[in-house]
Amino acid sequence: LDLAATGFSLAATRTRFEHRAVVLGRDRGELLAGLASLSAGGESSAVVTGTAGPLGGVAFMFPGQGSQWAGMGRELYAAFPVFARSIDACAHALAEWVDWSLLDVIRGVRGAPTYDRVDVVQPALFSVMVSLAALWRSWGVEPAAVIGHSQGEIAAAHVCGALSLRDATRVVALRSKALVDLNGHGGMASVAQSERAVEDYLARSGDRVSVAVVNGPRSVVVSGEPDALDAFVAKMTADGVQARRIKVDYASHSHYVTRVRDDVVGPLAGIRPRSGELPFYSTLHGEVIDTARLDAGYWYDNLRQKVRFETSAGRLAADGFRVFVEMSPHPVLTVPVQDIVEDLDQALVLSSARRGRGEVEAVLTSLAALHTAGGPADLGALFTTRRRVDLPTYAFQRRRYWLSSAPAPAPTAAAVAAEAVEEPAGADSLVPLSERVGALAPDDARALVLDHVLERVAVVLGHPSSASIDPDGEFMKIGFDSMLSSELSKRLTASTGHKLRANLVLRHPSPRQVAGHLVSLMTPADTP
């Protein structure tokens, strides 16, 4: 069968049941392998499963600086015409304001400027973000609201209709040029701690460091002088708190920005913001605002004042939004939003791409996750062909359903054994893990759950099997970051039925410790 025609027929002509799965692959062999894993109840990065349920509105999220990486957008540009057309439009609009080529930068052409320059990375990120939004929309995923973080608010403003492409590129290009004068005079650091705890510490250190960004309940960014930041990171680390310097050499969202106020406001005086077509959740004000207010003064304040992302994202959740899709080349907001909504039912937080992984694979995996959860995804739009092919009918289960007037005889031991032999390979994996754990001796239960955890660790890391995973290795030393940690928590939540928080691996820092925690959740308190 023709693979594209088969995929289109499956996506567009068959009933969408409550229990869903999507198999991803580059060729026939990979697709067959994914189907085999699905039918056996196995775990595979090529298979996305879920149960469709009621979901609230979709919000598009646009992060600030920090998600960039060399090569971002290249694979998407080659694979998806919608993305390429949007990048081309951004390149044309930026040409009025910059003396370099966006396409040369994205393609990595020799002599093109690099992402080390703030006046290059911010316009390039803007272009990739709005092009990702166009791509998701081409698949039937329409936002009901937008939220931006720092410079990401420029992309959010354009996507919601508040700024024309010309005005949006003017803001991002000319404002980032003004930031060049701040280079080398400051820095920023992230810390996994609450805003109150960080404020209490900084109250004793003067105004050399201040809170610049509040992303989530345990995610704060501070800004200030380099040596003071180093001391802050050292103090937090000594206290057992995760903290690290960010690759930014200016003190954004602090009083140090006042020196470039005129350089920002003056060149942007001619922009013409208008009321948008979608609600704009301002992370400057922490509430929905009329986007006609997004004048030159707003874009200076957006750079100078604290980013209240947690407040605005919390308002999105309170207003009933349950699907959050991050429009960026690498997830930055996904983990803090997962923290904000993890106590809500049916909340879905998705990224679009990820550094170090295939861009096409990453975005299609997220689209598949939205579809399997019952979200508004048009999978048929992925295919250039509209040719239908005959597909097999659904297989009968060959189960007797006729009512019987006489009681059925009790099964003999031989009949039970024969039925067990006829079960398909992997059938035991279809029995809930908690039930299997409850039927085993303690040592066997711990071994079963550890194997279960290791399989999912391997999938999250992209390993072909769990053989190379050290059960006692610390997650942070085997390649985990906050995004992978959140992904493991979600996979284990889905496979065990126990709701696990995004900070699971921080509290239980090795696969064996996670397995022990799961066993304790699955084992009654009076079990030895």
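Hi everyone, thanks for coming. Please keep in mind that what you see above is a predicted model.

Let's start with the aromatic rings. How many aromatic pairs does the structure hold? There are six, and I'd like to walk you through two of them. Take Phe80 and Trp139: their ring centres are 5.5 Å apart and their planes meet at 80°, so this pair is edge-to-face, given that over 60 degrees counts as such.

Where do these two sit in the chain? Phe80 is in the loop between helix H3 (74-79) and helix H4 (81-94), while Trp139 is in the loop between helix H6 (118-138) and strand S4 (145-148). The pair therefore ties together parts that are 59 residues apart in sequence.

Trp139 has another partner, Trp136. That pair is edge-to-face as well, with 6.0 Å from centre to centre and 70° between the planes. Put together, Phe80, Trp136 and Trp139 make up one aromatic cluster.

While we're on rings, have a look at Tyr300. Arg261 lies over the face of Tyr300, 5.3 Å from the ring centre.

Now to helix H10, residues 226-238. H10 has 13 residues and spans 18 Å from its first C-alpha to its last, which is close to the 18 Å expected at 1.5 Å a residue. Which of its residues are buried? Those are Ala228, Leu229, Phe232, Val233 and Met236. If you look down the axis of H10, the buried residues fall within an arc of 140°, so they line one face of the helix.

My last stop is Ser485, in helix H19, residues 482-496. Its relative accessibility is 3%, so Ser485 counts as buried. What does Ser485 touch, leaving aside neighbours within four places in sequence? It is in contact with Met476, Phe480, Ala502 and Val505.

Notes:
Residues are numbered from 1 along each chain as its sequence is written. This is a predicted model: local features need pLDDT of at least 70, side-chain atom pairs count only at pLDDT 80 or more; totals for chains, interfaces and linings use all residues. Side-chain values use heavy atoms; hydrogens and water are left out. Rings of Phe, Tyr and Trp (its six-membered ring) pair if their centres lie within 6.5 Å; planes under 30 degrees apart count as stacked, over 60 as edge-to-face and the rest as tilted. Helices (H or I, at least four residues) and strands (E, at least two) are DSSP runs, numbered from the N terminus. A charge sits over a ring if NZ of Lys or CZ of Arg is within 6 Å of the ring centre and within 35 degrees of the ring normal. The expected span of a helix is 1.5 Å times one less than its number of residues. Buried means under 20% relative accessible area, exposed over 50%, partly exposed in between (1.4 Å probe, protein chains only). The arc is that of the directions from the helix axis to the C-beta atoms. Contact means heavy atoms within 4.5 Å.
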